[in-house]
Every structure is written in structure tokens, then in C-alpha cells.
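User: I have the model open and would like to go through a few places in it with you. Can we start with a single residue and work from there?

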Amino acid sequence: MRDEVKIKLRENLRGAVIARGETDYDEARALFNGMIDKRPSLIARCVDVADVIAAVKFGRENDLRIAIRGGGHNGPGLGSVDDGLVIDLSAMKGVRVDPVARTARVGAGCTQGDVDHATHVFGLAVPAGIISTTGIAGLTLSGGHGYLTRKHGLTIDNLLEADVVLADDSFAVASKDENADLLWALRGGGGNFGIVTSFLFRLHPVNAVFAGPIAWDQQHARTIMQRYRDFLPTAPEELSVFLGLKTIPSGPPFPQEHWGKRICLLMCCYDGAEDGGRGALAPLLDALPTPWFNWMGTMPYPAVQSMFDGLYPKGMQWYWRGDFVKTLPDAAIDAHLEQAAKTPSELSLMHRYPIDGAVHRVGGGETAWNCRDATWSMVIAGIDPNPQKAGPITRWTKAYWEAVHPFDLGGAYPNFMMDDEGDARLKATYGSNYARLAAVKRKYDSANLFRVNQNIRPAA
């Protein structure tokens, strides 16, 4: 790219513009998923809405492919693009809490941890994910599920309004009263329709929770999965329990005698006091063998949100596949156990997150997120710090997914999809909402400027 073109972008941004070959370029372009290496021509580190407008205009006028980066956690690396322009929102932080209205205005560069820190002091929370380093923007736009989902719904179910820079570099507000079709599409349709610069969320009272992991030898996993399957529909919505088939990492704080052993994990979070949590879990735990360890305890909500951060630093090798899951027959359990016994690394895993309760009380057409009758959102993730393990963890993930997918629904949580899964998977994910999403895409981005994403093409 010619120097005078780069200079023009720099003149129109208050934030930094980093070009290929400059001193801090490699650090700025590095992705959360170390398996992916992309080399954009320019990285525009926007500090305000005016910067975003200028960057969008520049990218469009210079015919550059545009990638949008919020917190940068995206598994398939869609926060960057080879030979194009990265519009980096990570400096656009800031959370303004209104404790009376129980709302929070959140900048697009915030992580989930930023939001938890700002809201917790008021005894409030946004229902979100399970890793505090996750960017709130990417999590929200694809749906968002975590420990509060059963009681308070998906993150998008608590999204009231969004500020958006559109493909023609104009600015719009999306709410129930203004550009309602755009708000509908943003609630699950990803980054297809514009660049969201801030979100307005509804907050819920959440303070201390009774939470933590419980782990058993994986030889008991069949019984645990059967009991968990039968227990979940009867569990109070204050209780969230996700199930994992994984391995105990070889290091503290885990007991050394169990390092490297395969486990079946129940990660539990009860929104309330310990007595209530123990009572809610009793019907499940009383029917199971004695675990290797039970680390549940009372803690601030942000503590459980950040519990796994240290296990998954930036730069690891990742390959994942997901599915929406409605039922868990015994034959599916057997397929899971056969594949989980072959994990290629200590960090590789299968998690299934409950998305029932409040999620089911929203109609499939009320938001872009269509799959409102699933019981779980499942992810299979091959993870390892060693680049030489990229091949084995990818092959394991694909084989595992192929073995269990026949028991699952057609689509998946978009944040659990790689960029090699094809249009059919995306259409299955959005189901009957796909045609409406394509029509909204045509209205707001008819040239498909924002296409470095799980792309919904504009309707013809």
C-alpha cells in the first residue's frame, strides 16, 4: 500500500494506525488463536466513534477487506484479515452503570471482566460467558451464554440498544423504537450488519454465588452424564451446571496425584446462598460416586467468571467445533466417551452448556438466535500450547464432532464455529431466520463490506 494512502488514514484518526513492517506490527496483529497467522496491511486502533467512521470510509473507498476486532477472542481468527484493514476497537472501553434503571452502557472494546468489575460494585451483572478475557462485543453479537443463562437468558436477551457504524459510514442507533430490524439482527446475527461501538444492557441483581468445579474419574462419566441429563430439567433456574470431559492439567492448584488424568467435570454456579445451592445440587450429587475433589464455595460473581482465565492464555493452538443439542441418549453418551478417551492434549475438552430455562421463554423469531428449543450448546475444542500439535488436535476435534453430530441438531453457536464449515452450517444455525437476516443484510450492507465473519450474504 502506498505511503500517501496510509498517511491519509493517519490524518483522520485520533488513534494509532499500525502498518506492516512497523516496530509494533507483530504484537498488534497477534491473535488469540496461535494456530492462525494473518498479516493485515493496516491496523486502525480506534479510540472513538469518529475514528470508526473514518476507518470504515477509508476501507470502503480503498476497496480493502475489513475485519473488526473487539476483545480478540474469536476462535477462527475473524478479527483479522490478510492484506486488508483491521478496525481494532480494543481501546474503546468504558462502562457506565445506572444502578437505578439497572442498565449499563458498555464500550465495544470491553472484555467481560471489564463489565463484571464495573457492575459488581452495585450488586448487578450482565448475563455473559465464562472467561473474563472474552470480548463483550463478539460474545454478545453471536448470542452469549454462561452461568446466568438459565435464569436471565442469553446476553442478547438483555441487549436493549446498540450504537452502530454502518457500511456507508453513517451512524445509527438500534433499539425497539429506532431501526428495530437492525437490533433484531444484531441479537445473534454477528458482525454482519455494521460495527457496534457501544451496547446498552439490562442488568440483574447478582452478588455472591455458590460455585466451583466438581471432578470425578472419567470411568464414572457414563453414570454422571445420565444423571445430569435427567436432573437438569428439574433443577432450579438459579443453578447452572455445565458438564465437561477433559483432563486435569499437570500443575497447581490441581492435586498432583491426579495430574494428567481424564475426568468428568461438573462446573456449578448457584445464584444465591450456600444452603440453597447445596439443596439444589443434592438430588444430583447424592446419586453419584464420591468425586476426586469438590471445590465449590461462596465467592463474588466476578471470581467464578475469571476462574479459568489462567488455563487459556492468548497464543495457544485452538481448533473447535460446536453443536446445539436437544437430547442426550445413551448411544450419544457412548460416542462421547469413546472420543473423550482419545484426547490429544491435557487442555483439549468437550463442554456442554445449558441453554434452557429463560432461553426457552423467548420465541425463535424474536431474535436472530433461532435455536430456542435446544437444551445445550456444545463445544469440542482441541487446545495445546505447542504449534507442532496443531495437526493432532484438529484431527481429534473433527473426528469427535463427526462421531457425535448425528445425535445433535443441525446448527451451532456461531462463536463455536470455525471458518471452514460452509454456508449449509450457517443456514442450519439460523434456520427459518436466515432469509430475514439476509434481507436485513441487503438493507444495511448490500455490498457485503462486512464479510470477514460468519458471513450472511445479502439477499438477491
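User: Where is arginine 442 placed?
Analyst: Arginine 442 is in helix H14, which covers residues 434-444; helices (H or I, at least four residues) and strands (E, at least two) are DSSP runs numbered from the N terminus. This is a predicted model, in which local features need pLDDT of at least 70 and side-chain atom pairs count only at pLDDT 80 or more, while totals for chains, interfaces and linings use all residues. Residues are numbered from 1 along each chain as its sequence is written, and side-chain values use heavy atoms, with hydrogens and water left out.

User: Is arginine 442 buried or partly exposed?
Analyst: Arginine 442 is partly exposed, with a relative accessible area of 40%, where buried means under 20%, exposed means over 50% and partly exposed lies in between (1.4 Å probe, protein chains only).

User: And what is arginine 442 in contact with?
Analyst: Setting aside neighbours within four places in sequence, arginine 442 is in contact with Pro458, Ala459 and Ala460, contact meaning heavy atoms within 4.5 Å.

User: Switching to the inside, how many residues are in the largest nonpolar core?
Analyst: The largest nonpolar core has 109 residues, and Leu85, Ile87, Leu186 and Val304 have the most contacts inside it; such a core is a set of buried Ala, Val, Leu, Ile, Met, Phe, Trp, Tyr and Cys residues joined through side-chain atoms within 4.5 Å. A second, separate core of 38 residues includes Trp216, Ala221, Leu328 and Trp376.

User: Which residues does isoleucine 87 touch?
Analyst: Not counting residues up to four places away in sequence, isoleucine 87 touches Ala44, Cys46, Ala55, Val56, Ile66, Ala67, Ile68, Arg69 and Ile195. Alanine 44 stands opposite isoleucine 87 in S4, and strands S2 (residues 42-45) and S4 (residues 85-88) pair in the parallel sense over 4 bridges; two strands pair if DSSP finds at least two bridges between them.

User: What is the order of strands in the open sheet?
Analyst: The open sheet of 4 strands has the order S1-S2-S4-S3, with mixed pairing. Strands S1 (17-19) and S3 (66-69) stand at the edges with a single partner strand each, so one side of each is left without a neighbour in the sheet. Helix H3 (residues 49-61) lies across S2, S3 and S4 and runs at about 170° to S4; axes are lines fitted to C-alpha atoms, for helices over the stretch in contact, and angles run from 0 to 180 degrees between N-to-C directions.

User: New topic, how do H8 and H11 pack?
Analyst: Helix H8 (residues 221-231) packs against helix H11 (residues 330-340) at an angle of about 140°, with their axes 10 Å apart. That makes H8 oblique to H11, since angles under 35 degrees count as roughly parallel, over 145 as roughly antiparallel, 65 to 115 as roughly perpendicular and the rest as oblique.

User: Which residues meet there?
Analyst: Ala221, Arg222, Met225, Gln226 and Arg229 in H8 meet Asp330, Ile333, Asp334, His336 and Leu337 in H11. Isoleucine 333 counts as buried at 0% relative accessibility.

User: Last topic, the backbone: which peptide bond is cis?
Analyst: The bond from proline 252 to proline 253 is cis, with omega near 10°, and proline 253 lies in the loop between strand S13 (239-247) and strand S14 (262-270). Most residues other than glycine have a negative phi, and most peptide bonds are trans. Aspartate 169 has a positive phi of about 60° although it is not a glycine, and asparagine 448, also not a glycine, has a positive phi of about 55°.

User: Where is aspartate 169?
Analyst: Aspartate 169 is in the loop between strand S8 (159-165) and strand S9 (171-174), and is buried, with a relative accessible area of 18%.
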